[in-house]
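This report describes one protein model in plain terms. The sequence and structure come first, and the text follows.

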Amino acid sequence: SARGIPAEQANLLAHVCGGRAGLAFRLSHDGAQMEQRAAWLDDLWRLLHANRAERFAYAEHAASARANTREEREKIRENLRQMALTWLSFWRDVLLRSAGAAAPLTNPDQAERVEQAAIAAELPGARKVITALEDSLPRLANANLQLLVESLLLDLPRLR
């Protein structure tokens, strides 16, 4: 273990951080960020199996329409941006597997889910989700957040 980090955790951090050592070091000492990443990926997986009503309820909660101050809204926007980037990393892995690429996954801890999503969504479905997520990022600055998240969630395929 390097720098007191267990090998398995170091490997995960190296993939998640894309080889950015400084970021990996920070994340290794900030368990909250890695826990949040895991929660967002668990949410995504649950949403891939959810019906529309469940997806709309998630969008309402994630966008927290009850934010009253500018600071609260900015915090929500940044949180949604980080969530979208995390989901984007998952869907890029799905795209790689859908295309039959042997490249290493950014999210090796999600390999089983990535494989399942790749089989279900196939290459066109993975591309559609990636495009929706990428298009959402600049819109976070000015969009109605709940509508934006609802739109994103409707673009997700439904896995059985």
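Leaving aside neighbours within four places in sequence, W87 is in contact with W40, L41, L44, L47, Y58, L133 and L153; contact means heavy atoms within 4.5 Å. The model is predicted: local features need pLDDT of at least 70 and side-chain atom pairs count only at pLDDT 80 or more, while totals for chains, interfaces and linings use all residues. Residues are numbered from 1 along each chain as its sequence is written, and side-chain values use heavy atoms, with hydrogens and water left out.

W87 also belongs to the largest nonpolar core, which has 39 residues; W87, F90 and W91 have the most contacts inside it. Such a core is a set of buried Ala, Val, Leu, Ile, Met, Phe, Trp, Tyr and Cys residues joined through side-chain atoms within 4.5 Å. Helices α3 (31-48), α4, α5 (70-98), α6 (111-139) and α7 each supply at least two residues of this core. Buried means under 20% relative accessible area, exposed means over 50%, and partly exposed lies in between (1.4 Å probe, protein chains only).

## The whole chain

The secondary structure comes to seven helices and zero strands, where helices (H or I, at least four residues) and strands (E, at least two) are DSSP runs numbered from the N terminus. Along the sequence the pattern reads α-α-α-α-α-α-α. Of the 160 residues of the protein, 38% count as buried. Among contacts between residues at least 6 apart in sequence, 67% join residues at least 24 apart.

## Helix α3

Helix α3 has 18 residues and reaches 26 Å from its first C-alpha to its last, close to the 26 Å expected at 1.5 Å a residue. That expected span is 1.5 Å times one less than the number of residues. The buried residues of α3 are M34, R37, W40, L41, D43, L44, W45, L47 and L48.

## Where α4 meets α7

Helix α4 (residues 52-63) packs against helix α7 (residues 145-155) at an angle of about 145°, and their axes are 8 Å apart. Axes are lines fitted to C-alpha atoms, for helices over the stretch in contact, and angles run from 0 to 180 degrees between N-to-C directions. On the α4 side, R52, R55, F56, Y58, A59, E60 and A63 meet L145, Q146, V149, E150, L153 and L154 of α7. By class, this contact has eight nonpolar, one polar and four charged residues. Here Ala, Val, Leu, Ile, Met, Phe, Trp, Tyr, Cys and Pro count as nonpolar, Asp, Glu, Lys and Arg as charged, and the others, Gly among them, as polar.

E150 lies in helix α7 and counts as buried because its relative accessibility is 15%. Leaving aside neighbours within four places in sequence, E150 is in contact with F56 and A59. A62 lies in helix α4 and counts as buried because its relative accessibility is 14%. Not counting residues up to four places away in sequence, A62 touches I76 and L80.

E115 is in helix α6 and counts as partly exposed because its relative accessibility is 35%. E122 is also placed in helix α6 and has a positive phi of about 60° although it is not a glycine. Most residues other than glycine have a negative phi.

| Pair | Apart in sequence | Apart in space, C-alpha to C-alpha |
|---|---|---|
| E150 and Y58 | 92 residues | 8.4 Å |
| E115 and L96 | 19 residues | 9.8 Å |
| A62 and V149 | 87 residues | 7.8 Å |
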